[in-house]
Amino acid sequence: MSILEIKDLHVAIGDKPIVRGVSLTIRTGEVHAVMGPNGAGKSTLAKVIAGHPDYTVTGGDIHLDGHSILEMEPDERARAGLFLAFQYPSEIPGVSIANFLRAALQARMAEGEELDASAYYKRLYEKMDFLKIDRKFTARSVNEGFSGGEKKRCEILQMAMIEPKFGLMDETDSGLDIDALKIVAEGVNRLRGPGLGMLLITHYQRLLNYIVPDFVHVMHEGRIVKSGDKTLALELDAKGYDWVKNELVVA
Amino acid sequence: MPDAQTIAIDPPAAENPAVGIDQSSGNFSYEMKYEFDAGSGLSERTVDYISSVKKEAPWLREFRMNALKTFDSKPLPTHWATRDLENIDFNKIRYYLASGGKPKRTWDEVPDDIKRTFERLGIPEQERKFLAGVEAQFDSEAAYSNIKDTVAKQGVIFVNSTEALREHPEIFRKWFGKVIPTGDNKFSALNSAVFSGGSFIYVPPGIKVSHPLQAYFRINAENFGQFERTLIIVDEGSEVTYMEGCTAPKFSTSTLHSAVVELVALKGAKIQYITVQNWANNVFNLVTKRGLAHEEAEIKWIDCNIGSRLTMKYPGVVLKGRKARGEVLSIALANDGQHQDTGAKMIHAADETTSNIIAKSISVGQGRSTYRGVVHIPRHLKGCKNNTECDALLINSNSRTDTYPAITVRGDRHAVQHEASVSKVSEEQIFYMKQRGLTEGQAMSLSVNGFVNELARQFPMEYSVELKRLIDLEMEGSVG
C-alpha cells in the first residue's frame, strides 16, 4: 500500500496565497473527492502535488510513502507514481498517442532497457478495449483537435497505461455533456482498485453520481472546511455551497 | 609548401585515438600524418599544388586559377547574409590534406585509423544493410569507394571527382560547372578553385538504381577546409537516390566546409538527393546545391541540417524542361550558438513546371534559424505551380527565426501557394509531458520530432531513424 500525505500545505501564486493550510491523507484503494466553489483552491491543490512550476509552496509538506516530494521535479514525481489528469491537457502536434505513451513508459525503464514494442501494443489495445476506446484513436496526435470528451478519455487511457499509485483528477467532468461524463466515469470506475488512490477535484456533485467516493472534502478559501463520506456530497448538492459558507460564519 | 614530387612518405600514423569522446555525435578525431598537405592559406601556389598532386589536365588548372581570381574579386555577401562570415580566416585554413593513394575497394585495404573512423560512424554496416555503393571521404580525398557489382554491370558510374576526371573526362567536362558556374557566389568560386573529392555519378538511360548510393564526408583535421565537388548526371528515364552524411569533431578553431553539388536530370529522369549532416558547432558550412531538371524530370532535395556554427544552404532546381518537377524538403535545427540560414530556390524556365518547398526550422535556446526562398516564374510561361510552406518552431524565448520568401510570379496563368507559421513549445506543454514522466530533454525532443514528423515520414526509413536519433541527441544536450 502507498500513502500520499498532504501536511498543512500552504501554496501561493506570486504573493497571492491560494491554499492556506490543507491536510489530507490518501491511501491506495481510496477515492477522495474534493469539492468546492470556484476559487477555493481545489485545482491548485492537484497541480501543486504534481509540481506545476507556477505555484510556490510557502508552508507545509507533501509526502509520498513517508518521503517529501517537494524537492522533486515534476517528471520525478510522475515516475514515483503521481499522475495528474489535466483539466486542460496540452496538444502535442505530430506526436501520436501511441508514441507519446511509449515515450512515457520508456522513460520509466532503466537506461539501456528497451520497451518491447509488440508487448506494448498488445497491452495498449487491451486497455483500449477495456475502456471501450476505438483503436484508431491512438494514431491521432495527442489532444490535437480533440473534443472535450476525447481529451478526457485520452487522459484516462494514459492513466490506465502508466498505472500510477495516485491519480489526481483535475475537474475531469468540466466541459463534458452527460454522455461523455458517463464514459469518463465508467473508465475511472474500471481503473479503481486496491493499487490506485484517487483525488477527484470537482465543482459539481453530478460526477459523484457516477463515481462514488469513499471520502468527500469541501474546500473553501484555501482550506478544507468539511469532510465526510459520500452523503456529504448529496447534502452539499441539496443545500449549495452557501450552506458551507454560512456554517463557517456560524462556527 | 613541399613539392608534390619530392614528398617523403611517412610511416603510418601511430594509434592515437582521442579519449573521452562521444561516439554517437561524431566528436572524435585521430592523429593523422598526411602525405600531401597544401599548408595554410590560399594563393595561386595552393591551387597549383592541388592541381599538381592530382596530376590534372591544363584546362582544369586554368579553370581553378580563374576561379581563384573570381573568389578574390568577390566580396563576402554580408549585405544580406550574417557578418559572422567575416570571422572566417581564409589564411589559416588548410586547403588540401590527403594520405595519398587511390581510394580502396574493400574496407580491409583502408588504413586502420581511417577505417576505425568510418566504423565508429557505422558506414560499413550501413553499406552491408541497404546501400548500392559507398564513397567515404576523409578530409580531402576518398579513402574508400565501392559500388556493388550488380549496379556497376548496369553501367552506373560511381567514383570520386578525382577519378572521374581521369577516367570519364568526356562526361565530366560536359556538365561540370554548367549548373553552378564558378561566379555564382563567392563560395562556389572558392570551391571551384580548390575542390577535391566529392562524388561523380552517371546513370545510363533507362536504369533505375535499386538501392541508394551513399557518400560520407568526414573532416578529421583541425583548421581544415573541405571542398568536395559532386556531379550527378542521370540519363533519360533513369532513377537514383543519393545520400550524403557529414560529421566533424569539435575543435576550438573554426573549420570550413564549402561544397558544390550539381545535378542533371535528363528527360524523364528522377534524382533524390538526401543530406543528413551533423556538423560540430565550429563548422562554417557554406554549400551551393542546384539541379537542372529537363523535360518531365524530377529532382528532389531532402536536406536535414543539424549542427554547425553557420550553415548557408539553399538547394535549388532549375526547371528547364516542360513538366519538370522540383522539390525541397528541409529541416533545420539551430541550437545555442548556431545559425541555420537555409532555404530553397525554384527557377521555373518551362511551361507546366511544378515546384514544392516544405521547410521546417527549429530554434532552441539562443539558436537562430532563417529561411530564404526564391521562387521565380516568368511572364511568358503558362501552367506553372509552386507550393511553399515554411514552419518555424521556437523553444524558449531567446530563440529567433526569420523568413525571407521571395516569390516572383509574372503572368496570370500560374498557381502559387505560400503558407508560413511560427509556433512555440509552451511551458504548459513541457509540464504536461514531464507529468507523464519524461525529462525536460525528452519532452523537448518529442515536441521537435512531432513537429518534423509529417515531413520525416517522406524520408527513406533509415534516414528518418537517423534524423530522430540526431534530434534526440541534440535536444538532450540542450538541457542543462
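**Close-up 1. Strands S18 and S20 of chain B pair in the predicted model.** Strand S18 covers residues 325-334 of chain B, and strand S20 covers residues 354-364. The two run in the parallel sense and share 10 bridges.

**Close-up 2. The open sheet of chain B has 10 strands.** Their order is S4-S3-S7-S10-S13-S15-S18-S20-S22-S24. Pairing within this sheet is mixed. Strand S4 (141-147) and strand S24 (415-424) of chain B are the edge strands, and each pairs on one side only. On average, neighbouring strands of this sheet are turned by 5 degrees against each other, direction ignored. Strands of a sheet pair through backbone hydrogen bonds, in parallel or antiparallel fashion.

**Close-up 3. Domain 1 of chain B meets domain 2 of chain B.** Domain 1 spans 4-313 and domain 2 spans 429-480. Taken over C-alpha atoms, the domain centres are 30 Å apart. The contact brings together 11 residues of domain 1 and nine residues of domain 2. On the domain 1 side, strand S13 (270-279) and strand S15 (298-307) of chain B each supply at least two residues. That side counts eight nonpolar and three polar residues, with no charged ones.

**Close-up 4. Helices H9 and H10 of chain B pack against each other.** Their axes lie 9 Å apart, at an angle of about 115 degrees. The crossing of H9(B) and H10(B) is right-handed. H9(B) contributes B:Gln429, B:Ile430, B:Met433 and B:Lys434. They meet B:Glu440, B:Ala443, B:Leu446 and B:Ser447 of H10(B). By class, this contact has four nonpolar, two polar and two charged residues.

**Close-up 5. Chain B touches chain A.** In this interface, 18 residues of chain B are in contact with 22 residues of chain A. Helix H9 (427-435) and helix H10 (440-456) of chain B each supply at least two residues of the chain B side. That side divides into five nonpolar, eight polar and five charged residues.

**Close-up 6. Helices H2 and H8 of chain B pack together.** H2 covers residues 58-73 of chain B, and H8 covers residues 186-194. The axes are 7 Å apart and the angle is about 150 degrees. H2(B) and H8(B) are therefore roughly antiparallel to each other. Their crossing is left-handed. From H2(B) come B:Phe63, B:Arg64, B:Ala67, B:Leu68, B:Thr70 and B:Phe71. Their partners in H8(B) are B:Lys186, B:Ala189, B:Leu190, B:Ser192 and B:Ala193. The contact has seven nonpolar, two polar and two charged residues.

Close-up 7. Strand S11 (residues 215-220) of chain A runs antiparallel to S12(A), joined by five bridges. A:His220 has A:Arg223 as its bridge partner in S12(A).

Definitions and conventions. Residues are numbered from 1 along each chain as its sequence is written. Chains are lettered from A and ligands numbered from 1 in the order in which they are written. This is a predicted model: local features need pLDDT of at least 70, side-chain atom pairs count only at pLDDT 80 or more; totals for chains, interfaces and linings use all residues. Domain bounds come from an automatic or database domain assignment. Two residues are in contact if their C-beta atoms, placed from the backbone, lie within 7 Å. Helices (H or I, at least four residues) and strands (E, at least two) are DSSP runs, numbered from the N terminus. Ala, Val, Leu, Ile, Met, Phe, Trp, Tyr, Cys and Pro count as nonpolar, Asp, Glu, Lys and Arg as charged, and the others, Gly among them, as polar. Axes are lines fitted to C-alpha atoms, for helices over the stretch in contact, and angles run from 0 to 180 degrees between N-to-C directions. Angles under 35 degrees count as roughly parallel, over 145 as roughly antiparallel, 65 to 115 as roughly perpendicular and the rest as oblique. A crossing is left-handed if the near helix is turned anticlockwise from the far one by less than a right angle, and right-handed if clockwise. Two strands pair if DSSP finds at least two bridges between them.
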